[in-house]
Amino acid sequence: MGAYSAWSVFKEGLRDGRGWRQAWRTPTPKKHYDVVIIGGGGHGLATAYYLTKNHGITNVAVIEKGWLGGGNTGRNTTVIRSNYFYPESAALYDLSVQLYEGLSKDLNYNVMFSQRGNLVLAYSEHEMEMAARQYNAMRLNGIDAELLGPNEVRKMAPILDFSDTARYPIHGGVNQPRAGTGRHDAVAWGFARAADQAGVDIIQNCEVQGFVMEGGRCVGVETSKGEIGAGVVGAAVAGHSSVIADLAGYDLPITSYCLQAFVSEPLKPILDTVVISPAFGTYVSQSDKGGLVIGGGLDRVPSYAQRGNMPVQEAVLGGLVEMMPALAKVKLLRHWGGIVDVTPDSSPIIGPSGVDGIYLNCGWGTGGFKAIPAGGYLLAHCLATGEHHEISKPFNRSRFETGQLVDESAASGIPH
Amino acid sequence: MQRFPCPFCGPRPETEFHFMGEAGKIRPKTTQAISDAEWATYLHSQRNEKGTVREVWMHLTCGEMFIMIRDSVTMEVLGTETLRKDAS
Amino acid sequence: MRDDRNRWPAPIARRDPMTVGAAQLQEVALTRQTLVSGPSVRTTEAPLIGWPDLVLTDRYALCLRRDQVLVVNGQEDSPGWDATAQRAVSDVTDGYRVFDLTGPSAHDVLQRGAEIELLPRSPSVARQLYGLGCFLYRVGRPDHFRLHVSSAHADAMCGHLLAAMKATSEVLSL
Amino acid sequence: MTARRLPSGGVIDRTQPLTFRFDGRVMCGLKGDTIASALLANGVRIVGRSFKYHRPRGVWGSWVDDPNAIMTIRLGDRELPNVPAATTLLENGMEIRAVNAWPSAKHDVKGGLDLLHRWLGAGFYYKMFMSPDWHLFEPSIRKMAGLGPVNTAVYDDPSDQVNAACDVLVVGGGPAGLLAARLAAERGEDVWLVEDHATLGGTSAQVTAIDGQDPEAWVTAQEAAILAAGGRILRQTTAYGIYDHQMVGLLEKFDFAAAPRRWRLRAGRIVLASGALDRPITFANNDLPGVMSLQGAADFAARYGVLVDRKVVVAARGAPAEHAIALIEQAGARLTRVAPDAPLKAFGYKGAQGIAIGGLRRFADTVLVSGGLTPLVHLWRHAGGKLDWCARRQAFLPGAMPIQMQAIGAANGTYSLHDALEEARAAGTNTPVTRVDTAEEMTPLWPKPNSKGRQWVDFQHDVTLKDVSLAAQENYVSVEHLKRYTTLGMAADQGKTANMAGLAAMAAIQDRPIPEVGTTTFRPPFVPIPIESFHGHYSKQLWHPLKRLPLETAHRALDAALCEYGGWLRPGWYGNGAAQTHIQAEAKQARETVAIFDGSSLGKIAVMGPDAAAFVNFVYYNTITTLQPGRIRYGFMLTEGGIVKDDGVIARLGPEHFLISCSSSHTDSVRLHLEAWRQDGNDPDRIFIHDETQAWATVTVTGPKARGVVETLGLPLDLGREAFPHMSLQTTSWKGQPMRLARVSFTGDLSFEMSVPARHAEALWTSLHDATKAAGGGLLGIEAMSILRAEKGYIMIGKDTDGETMPHDLGFTVPRNKKTAAFIGDRSLHSPVANAADRKQLVGLAVGGDDVIPTGAHVVLTGTRQSQGYVTSSYFSPSLGKPIALAIVAGGTNKMGQDMETWHKDARTSVTICPPCVFDPEGERLNA
């Protein structure tokens, strides 16, 4: 049984699902591919998918060190939004939201993009002025947005603390109705399945150990499963971008940090939107399964350890209790960490790596998941055409030389 | 809660420290001509090693800046060096 | 702007002694606190107090860092840079408020604010407690702790200490 | 068929009965019971429903491994959802309801869902609900999901958080843990022993003798010895995680719903004696209530004096199992054995009535199973320890460990008491633990793929063997894929029962050895813990506490509205009622007569030493070396990126003594900035930095009549404009106290800024306030001050600038072009972007009409939606009688006189770009 649908689920149910096919194959790598993509996370798999879909390039391999979707794609807090200030960021992240909106049908895999809104809280008149600056920017960028007062915030998230004694009393906020959450694993699996069906070889448990150079151009990769030739190479290895860069001989303005995430025991519906509180440094949503999915800021110590550290746990979870005191006694079920690339302006790097034949998709910082479709779409464009898509131009690495940074934190309180 | 050794104060909790950047960065002489590329390298380049790293940290409570050598995977602290010539 | 006048209780200028459980908190009035920096202040200023030293004199010098001490109850000293003595001087008497925390459970109270162990020794008395900067040392007796906290955070520090004193007094297992 | 209480034995107190209600039925338990043991003692079989199919569930295990008995409990005014019955002590009067079941666990309306199971297999939701639109299906799915509902009451009982350190932490108070702790304590080590249960002893209750002594006496003796040697024992305390640098998180539980205590324990070394858990056997209908863990049943009997049932059939293998079987027989059960690897099938409606092997049916009230033991290695993995597969035990055992940590006893795969105590002796004396490998060969009892019937792998999440097969068939074969695709092991018990079976099933299906399939990561916490325990008492005013002014009491006496500005609590305006009226009046009065303002929070950082002049010249954008003693200069500090970090005035008190006055909110970051550059590239022995901010209080008098007011202080100096010009400073004394008197102005009017030691602030404030009132003047809060400085085009960093603003965007171009000495950020001021024509630059906006443009409105080209910048400050100016606004606009300085529009919530307003300063541009009043 190939295509997924209510009908196919019904039919397979009648015959014990014997007809369900592999979601993706386990191929042995070929000697050579037109495109080799390093990194079987969301961005790498999306890149492969859009190469086949938008550019008709199907002789593609995705090489993954571990299991696909096992990096930040499978570790994030699943927020999808495009509430950005600068037109450059807005164009990038809203392309992603638009692609997400059609993704389940596009991939024939339910990624459960749930547009339940993303509410950024403001706690004083000054913060409301900054919120207005943000809201107006979004509207002028063509992004949907609502500037809300306290009563509208209360309607959206009654569980917030509206008492007089709250450390930060709620004055209002900015909501993006089209934002929301998605099922992170499903995004990786959906892209993998669709790419595989289009002929892409997804090679798991295969580590890239070096690059094959010829006359200054990269023509392949050395892997734990042997050498694999490549017309062109794309690298989408968030968290380990510097490690790959070091192997290939280009440098990146990236520092790796651990970003922690938390999930509570499953509860009956109590929170129907994503709430971000810059003041408390905490954000939270409730998954369809019922768990509160909680996140916050980066750990303070640069790290490659996918393991959280206490001070940030206390800051983030303490912030949640201040935000929503009624949840104080809810139990924490799991906490974990992922390694994120942090660039000087907290914006991604897309495009030429500096080494001929290698293109980049990295530097997503804490916000890579929401950008997966766009990241793949744009890297695919670079790999297929050798040139930037209009939307990815501002994110070329050369911006660090010209100083033309895209620093959202410069203009707004939105965590980036 | 990690514990870092301040060369002056001794072991203290990580919250008393601030990461200043990777060690070994020399500020270019800006009174001379410097290319955009050189300056960008000074501002932004990162080694970001996976494994042993040399970093500059400040112990906020005593203001001491020093070099800490750590393992960025195991978080083990391998040693410190003072920035001061006359460390005593 | 957000009118918080009723959200924040008025600050307490001078605190009366307060006993909770087996710990007492008391504000201390010092005649003078002088910040002195210089290449060799640690050798010129005495007695030099580190952690976990006990202060036994009226005048003493808290070692804050490699090249800086806080002289407590010293004589008046003209502010600025003294080129001959190689000393930089500031009178910060009003910059820090000083509190004594005493009693059998004083140490337990402090342990709610940071990892406070008597060992290892530390040359400096400067540290963070409840996330706030302070100078912490001992006076006369092992269970007599003294801390200096920046005046603007004195109320917050007392709030933390009182909350911890309450928690400590409720502990039976300790 | 009712379970029953044994006449003797166990830790329960038969003299203290407790009554409670379960799903409405009144029941009776004993002090020392867990909710699970009490329910079993009352013969309750169905304690809940599974997550997906709402299948009836009975108690499986006696501890953290029980995935089934999850309750919503109310006691007094407190109610908690998702309470694990097997690890929660029963309290008198508890109102207990099974979660995920209505009206009761026994009769659950959603039970019918199970009929649809063939369509609800692993990952079905990924394959449907896509069209017409996920949002149509999601709400009802959300309602179905989740376990208990949150009670939204807020309780004010802060959790306690304590830091501590010890030489040795022993996790687990069973025989091995007790002995190790005792030996370590007796060697003089500072020992902590934590036990998750309310009582010590672990499996000791299941044996007849330890070291030849009566078990109970032995346990008591160990405890006494540990305490006598200065050790500490914490009961009801769980080591929930191990973090970097030997930091262990402990959670100490108290009464029901009371806030727990969280310990951050720095342990010199750690001994893991956490024991092992029983494994289910995977056979048809193995999820029926009444099918339960053999070891669990033994524990219920030994620890709680509850015999799960009289007539039981057992499917188990291995020495530990034999031991448990003997115990249950002694307790009075009639046992029938069946071969654990036979094709078993439990039968019965809503509960096991027996087990069938082929056609042969063996009737029983309860089916006890044990597929072998799984050592509890969660903490071992938290600490970064490796796991080695042991074929003999068919289990993952602790392997290489990077930190100071040892595993002993069952946690180490050593199940025999004798051998466990041997390991305890080694660990207790801090010598290497060599695993005593006498454990018998364990023949595997793993799931058999393609065998008949519905066979459960994860009881709570309804993951069956078929789901694992489907995952394999669809190539979700990596352990993490299996886990995420089927939700195996993601239930509240974190897969303590399910993971090994799932792993083994996948291995069998793929015909690979188990270690090749790998293990899933063990993520903290070991058991679910309340979020409040991370919060502590850091609440309300103690969460990011504000800095307080020495004059706050005086301000309160004057009805100040105290507001949060950059980490300080400061007067926004004075008076009650309509804020804007007060603010406008204050601004007007300050312009017309005179007003006083509390500037105490402004930073005062002294820079001293032989290299001080060169240093401040380097950290400032402006040239400072030419500043004469007694004079003041306004300037910027930049980041190396050339961005304006802070602005303020710097005074030169002496040749080698400078005083930097930075913005209130930036004082700490500026001090850090200065300290960093002092030690990096400079000689720290020739530069010294003192933050004097809080030692001094500062009162500013501003307005046409300011000089008259200051004269009333009778200071011994000439305040005339020649003797004491704008931007100069004098040190003097007032009432015998040192005073720093500066002529600087944030308002554009004649201003005097007076600083005195903070304890004299009230006296100074009172004198000046009296004099001000006498002169017809009054008070000035920050809001009115903001209007005055906006009229002059004086910026506020972070409000009128953003993270891209460079000094030349603010009209300060000279140092960029002329300053020859190096300074922080210098090179960045000449980057391509710094030279761009469309940089956002500070401008004023001339506004028609009386309406104030909202701050945060964007500036657009007339008729377009292209943002050119935004309004950063906007007020009604009482002195000018019209609205004014500051904005940063792309190429703004070349747009003077150009008409543009502001855009706010779809509303457009015409504005004209004008210079930022609209009040007294010639600065006559300033120099008055």
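In this predicted model, begin by selecting helices H2(A) and H7(A): H2(A) passes H7(A) in a left-handed crossing. Helix H2 covers residues 42-55 of chain A and helix H7 covers residues 184-197 of chain A. Viewed along the pair, the two helices pack at an angle of about 35°, and their axes lie 8 Å apart.

Next, display the side chains where these helices meet. From H2(A), select Leu45(A), Ala46(A), Ala48(A), Tyr49(A) and Tyr50(A).

Now bring chain B into view and turn to its interface with chain A. Here 23 residues of chain A are in contact with 23 residues of chain B. The area buried between the two chains is about 1900 Å², and carbon and sulfur atoms give 53% of it. On the chain A side, select Arg300(A), Val301(A) and Tyr304(A), which lose the most area to chain B and together account for 30% of what that side buries.

Polar contacts may be inspected next. Across this interface there are 11 residue pairs in polar contact, both residues at pLDDT 80 or more, while the count of salt bridges between chain A and chain B is zero.

Finally, colour chain A by secondary structure. E12(A) gives the most, with three residues. The residues of this side of chain A divide into 13 nonpolar, six polar and four charged.

How values were computed: Residues are numbered from 1 along each chain as its sequence is written. Chains are lettered from A and ligands numbered from 1 in the order in which they are written. This is a predicted model: local features need pLDDT of at least 70, side-chain atom pairs count only at pLDDT 80 or more; totals for chains, interfaces and linings use all residues. Side-chain values use heavy atoms; hydrogens and water are left out. Axes are lines fitted to C-alpha atoms, for helices over the stretch in contact, and angles run from 0 to 180 degrees between N-to-C directions. Helices (H or I, at least four residues) and strands (E, at least two) are DSSP runs, numbered from the N terminus. A crossing is left-handed if the near helix is turned anticlockwise from the far one by less than a right angle, and right-handed if clockwise. Contact means heavy atoms within 4.5 Å. Buried area is the accessible area (1.4 Å probe) that two parts lose on being put together, summed over both. A salt bridge is a side-chain nitrogen of Lys or Arg within 4 Å of a carboxyl oxygen of Asp or Glu. A polar contact is a pair of N or O atoms within 3.5 Å; within protein, one must be able to donate a hydrogen and the other to accept it, and residues adjacent in sequence count only if both atoms are side-chain atoms. Ala, Val, Leu, Ile, Met, Phe, Trp, Tyr, Cys and Pro count as nonpolar, Asp, Glu, Lys and Arg as charged, and the others, Gly among them, as polar.
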